[in-house]
Amino acid sequence: MIIVIMIIQPRFMQLAVLLDILTQSSTKMIVALGISFTLLIAGTDLSAGRMVGLAAVVSTSMLQTADYANRFFPNLPHMVLIVPIIIAVIACGLFGILNGFLVAKYDMHPFIATLAVQVMVYGANSLYFDMEPNKSQPIGGVRPDFVLLGQKKLLAIGDFPGISVLVPIAICFVLLVWFILNKTVFGKNVYAIGGNREAAVVSGVNVFKTIMGIFILASVLYGVAGVLEAARTAGATNNYGNGYELDAIAACVVGGVSLNGGVGKVSGIVSGVLIFTVIQYGLQFIAVSPMWQQVIKGIIIAIAVAIDMSKYRKK
């Protein structure tokens with residue numbers, strides 16, 4: 001598909017396009033890394049996208065310029081940049097604790113548990129977004145220091161447009177997740193639970209703590225992605241992140257993360273996110289209808305899952 005896009009529109013091979021694709025992939029990469037933990041235990045997390053929106057709204061609501069006419073908190077004093085970011089991530093973490101508790105304590109299927117939490121997150125975020133005096137108006141007037149977090153360009157020398165600061169941030173999280181999954185006891189336990197939960201229990205793995213840790217860690221990553229997405233776009237609404245969880249799950253599956261649990265690599269997640277972003281960007285580049293884009297994306301997901309299930313049956 002990428003080759004066909006390049007033949008139709010040779011300008012797709014430009015450096016500027018590649019840099020744009022990397023920028024667009026960055027926040028999606030962090031969401032996919034978070035959701036991969038839940039997939040590795042044969043679960044899922046449908047609340048991911050709504051947590052992205054929650055973090056975006058919470059962080060921007062406290063990071064508006066003092067002279068902005070429609071401030072979310074008119075009398076809020078100037079806050080150090082990191083404080084609203086931490087508050088936004090903690091807000092997501094609280095819902096991550098709820099996800100983990102429902103799954104680990106009551107053995108609730110992650111699909112149902114995270115669906116319930118997804119609705120709660122969106123409802124809570126909408127109530128917060130609708131508070132006086134904002135009344136559901138898009139949040140703007142974001143402080144320049146916060147915007148730099150998502151829009152700053154690195155190595156912009158001469159004709160080179162520079163690399164978005166989001167790219168190295170995403171790379172740092174890729175390395176962090178790789179380290180957790182491959183070099184820590186927690187990471188080994190994640191694969192053990194996904195491969196055979198009963199065997200993990202008799203081997204001494206604390207399944208409750210591991211599942212709690214998985215959903216908390218995932219929610220923190222969603223929160224970070226939401227903050228960065230708000231900084232990149234210099235604003236937020238309660239609909240930010242809508243559908244991100246589905247794209248993240250699809251990218252993970254295309255990248256080789258098995259829906260049956262216990263199988264998946266960080267390198268595969270990275271490639272899956274990049275593949276989806278390149279194809280989506282490329283289809284827009286050659287002016288393919290958004291409706292056809294959805295059809296093509298669905299076909300890719302169906303094929304990837306079919307291949308995954310056939311491999312699982314053979315094993």
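The predicted model holds two cavities of 30 Å³ or more. On a 1 Å grid over the protein atoms alone, a cavity is a set of points where a 1.4 Å probe fits but cannot get out, and lining residues have an atom within 4 Å of a point. Grid points are joined across faces, edges and corners, and a volume is the space filled by probe spheres set on the points. Residues are numbered from 1 along each chain as its sequence is written, and side-chain values use heavy atoms, without hydrogens and water. In this predicted model local features need pLDDT of at least 70 and side-chain atom pairs count only at pLDDT 80 or more, while totals for chains, interfaces and linings use all residues.

**View 1. The largest cavity.** Seven lining residues are nonpolar, two polar and three charged, where Ala, Val, Leu, Ile, Met, Phe, Trp, Tyr, Cys and Pro count as nonpolar, Asp, Glu, Lys and Arg as charged, and the others, Gly among them, as polar.

**View 2. The second largest cavity.** About 70 Å³ of space lies here. F276, I279, Q280, L283, Q293, Q294, I296, K297 and I300 form the lining. Helix 13 (290-314) and helix 12 each give at least two residues, and the largest share, five residues, comes from helix 13.

**View 3. Helix 2 against helix 10.** The axes of helix 2 and helix 10 (residues 207-233) come within 7 Å and cross at roughly 170°; axes are lines fitted to C-alpha atoms over the stretch in contact, with angles from 0 to 180 degrees between N-to-C directions. The two helices are therefore roughly antiparallel (angles over 145 degrees). Contact (heavy atoms within 4.5 Å) involves residues including T23, T27 and I30 of helix 2 and I214, F215 and L217 of helix 10. The contact residues divide into 14 nonpolar, four polar and two charged.

**View 4. The largest pocket.** A pocket is an open set of points with protein on both sides within 12 Å along at least five of seven lines. The largest pocket has a volume of about 220 Å³. Of its 13 lining residues, S258, V263, D308, K311 and Y312 lie nearest the centre. Helix 13 gives the most to this lining, with five residues.

Note on methods. Helix = DSSP H or I, 4+ residues; strand = E, 2+ residues; numbered from the N terminus. Parallel < 35°, antiparallel > 145°, perpendicular 65-115°, else oblique.
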